[in-house]
Amino acid sequence: MINFISSQTPQLISYSAVPVKEVTQDRLILPQHESITFYLFGDNLLKVDKIAFAFKSGTKGAYCEDDKYEILLDFEKVDDRSIKAYCPQNHSSYNGEIYICFKHGNGNGTSVWTHQPTSYPYFFVFSTFFIHLLGPLPWVLLMFLLCCSALFSGLNLGIMTLDVMFLEILIEAGNENEKKMATAVLPVRRHGNLIICSLTLANVIVNVIISMLSDKLIGGTALAIFFASAGILLFGEILPQAACNRFSLIISYHTIFFTKLIMLLTFPIGFPISLVLNKLLGEDMGRTMNKSKLAELIKQHEHLGFVHKDELNIITGALNMDQRKAKSIMTPIGNVYMLPYNALLDYETTNDIISHGFTRIPIYKDDRRNITSVLNVKDLAFVDPKEKLSVSTICNFYNRPFMRVGAGTTLKSLFDMFRKESTHFAVVYEEEGSEHQMVVGIVTMEDVIEEILQEEIFDETDIINDTASRKRRNPRFHTTDLWPFFNHQSDGKISPQLKIAALRYLVANTTYFAPNYVHTTVLQGFLNTSFAVQHDYNHLVSESNTIYRSHIPSAVAIFVLQGTLQVSVHDDHLQFEAGAFMMFGDDLFANVNERFPQFSGEWNLERILQDLGDKTYFEPDYTVKMATDLRCLECTAEAYIVLRYLTQELEKCNLSDQNQKQIVELFQRFWKVRKYRGLKLTCDNAGVRILEHLQTGEDVDMEHSHERAVPNSTPSPPEATLQAAHESTAAKRYSDGITRSQRRNRRNSTGTNNWRLTNSRRGFMRGPSNWGRKSRHG
């Protein structure tokens, strides 16, 4: 090799470049695919004709014609000691170590290429990447890596939020789509630590490559840092995690193959780390909850509307069975209805048992805390009160079992004991152990079930409220001691037992005689008055057996006590039999309640009846005939008005059970003077009294004269007098009603009357079982 060195030839001493990726001890590392400006420093640089890069080094002045690249650099001469050269952006043809060559004149009219080595930097290189891409492919690769980062980050959160137990629940109780997805995801989710290691490792590798690729594409500037950070943060972390957190099961199911592939690729590194985590932290068995947390979880679902309030009460009540004790739900022994061992089962005792409404009655001997047996109301089914058998005889015969439990027994244990012992009654002792310990109360299966339901169970005879608060329920009847008033004031038409049965049915199973309309004790007075009628079946003249005739107005409603009736609905071609405890004509009561929700002003029966007008009768769309002898209660709108008025006035009084007999007699006394105007009820310490204004021409004390007319025995008014009043009222209403009906039929041959009949039939078609309870609107 020939060196060409002269004092007039250009010589390169050093150089620099902008931008520079990295500077080392002997080289410059320049970025790929960027325009680079070189600053050359030396002597005689104005004589440089061309500049090129060489792929081989050489000594100063050695020819480099064969060692250079073909591409020439653009440059501009600054002065004799410096040159600014420009390297094009395409660096793909430059590989490895790169040096600089000059072309200049050699003094004989020719030009030569010579090496221009420098002491520093000795050479430079362009940074290389493991993949060399051109055009839009690097950007496509960057987008793909961002998607991979998003997938790894989202799956890492999404799969791990799918609890193992939750997936098992979906497999058992989810819909078909949820079952399919949970079945596919669960085997992978069981390897929780391996999933974390695999997806985290893959995510880190991808994020590193994104940063490197961004640096190559954008350059080692703040812009590249911002692009890489923003891309990874927004598209690789926030958005995918938000989506996978909400749709974790769906995304996990559709990417399950990709997850398995990543776990396989990273298995050599991820599996050892997951084993260490399993040893240190334990395997992921899913989230579990105790009863308190589970109850709170269900409450939160109730707030969201997924669980009904009643369902919440049942579930939370069942979850708390281990925490509640028998003492917290028992009925204290002082509030327990009991019978002595030597009590006789006569009419009075039997009525007292039925009136209290309990199925099981504890029986004690000598002391109330010495409970020896239990009487079930079913045991009285074949007992005749006339025989006056002792309670001990019945209890010894049936020998009903009952349990003895400690006050600290949990409801769960108590419930299991009730089921296993086949009994629903238990006596509660202060502490578990000997049965000689003090009895503090009783508890039944119903008490336990009510505690589970978190709600009281009411039936038609209950009178005791929540055992925990020791409150009394509003009884169905304002008194439970009905027998003395029926037993001593019977009119002979119906037996005391039948009166009690009628009273219970009217109060509990009819609308218009319920306590909100008619005071129960006033209703007892009504039953003691001669409103009971006996009709004998006529075998010879069938027409005389007719009680109601279709479309013929009637002023009397009946309540069947005994006997059988044949009911015919001609318009619907329907016939059926009606028996005891069926009511007909309760439209009368509906008319009164609709016109007079409350009675105002002084008592004036004549004015009230005038306001009612033709509403004091009803027009049935059916025919009722006796099929046997009939015994029934008859009630007119007038009698019902008296019942309603007395009830309204008694609500203003604060009377105790001691006034019960006086209230029973009140109806009979008021009925006698009902036609007088200005009657008033007064309540004081002496009870309730009727004050009557003096009528014209009468200067007597009506109150005291009535008390003389109605002695303590309270004999019933003669049936003939009452029946005559009924018949006179009914006859007038029949006459007026028929006349008005005929006039309506002449005015409206079809329209109005047909509508009334159609409406009535609709009421009847509610069903035979409700015939006596629903009004037959005419």
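Biologist: Which residue of E9 is the bridge partner of Ile51?

Modeller: The model is a predicted one, in which local features need pLDDT of at least 70, side-chain atom pairs count only at pLDDT 80 or more, and totals for chains, interfaces and linings use all residues. Residues are numbered from 1 along each chain as its sequence is written, and side-chain values use heavy atoms, with hydrogens and water left out. Strand E5 (residues 48-54) and strand E9 (residues 99-105) run antiparallel and are joined by six bridges. Within E9, the partner of Ile51 is Phe102.

Biologist: What is the order of the strands in the open sheet?

Modeller: Helices (H or I, at least four residues) and strands (E, at least two) are DSSP runs numbered from the N terminus, and two strands pair if DSSP finds at least two bridges between them. The open sheet has four strands with antiparallel pairing. Its edge strands, E6 (68-72) and E10 (111-115), each pair on one side only. The order is E6-E5-E9-E10.

Biologist: Is Thr423 buried or exposed?

Modeller: Thr423 lies in the loop between helix H14 (411-421) and strand E17 (425-429). Leaving aside neighbours within four places in sequence, Thr423 is in contact (heavy atoms within 4.5 Å) with Pro401, Phe402, Met403 and Phe418. Buried means under 20% relative accessible area, exposed over 50%, and partly exposed in between, with a 1.4 Å probe and protein chains only. At a relative accessible area of 6%, Thr423 is buried.

Biologist: Which residue's backbone nitrogen lies 3.0 Å from a polar atom of the side chain of Asn376?

Modeller: Asn376 is in strand E15 (residues 367-376) and is buried, with a relative accessible area of 6%. Not counting residues up to four places away in sequence, Asn376 touches Thr359, Arg360 and Arg400. The backbone nitrogen at 3.0 Å from the side chain of Asn376 belongs to Lys378.

Biologist: How many residues of H21 are buried?

Modeller: Helix H21 (residues 637-650) has 14 residues and reaches 20 Å from its first C-alpha to its last. That is close to the 20 Å expected at 1.5 Å a residue, the expected span being 1.5 Å times one less than the number of residues. H21 is mostly covered, and its buried residues number 14 of 14.

Methods:
Polar contact = N/O pair within 3.5 Å; in protein donor to acceptor, adjacent residues only side chain to side chain.
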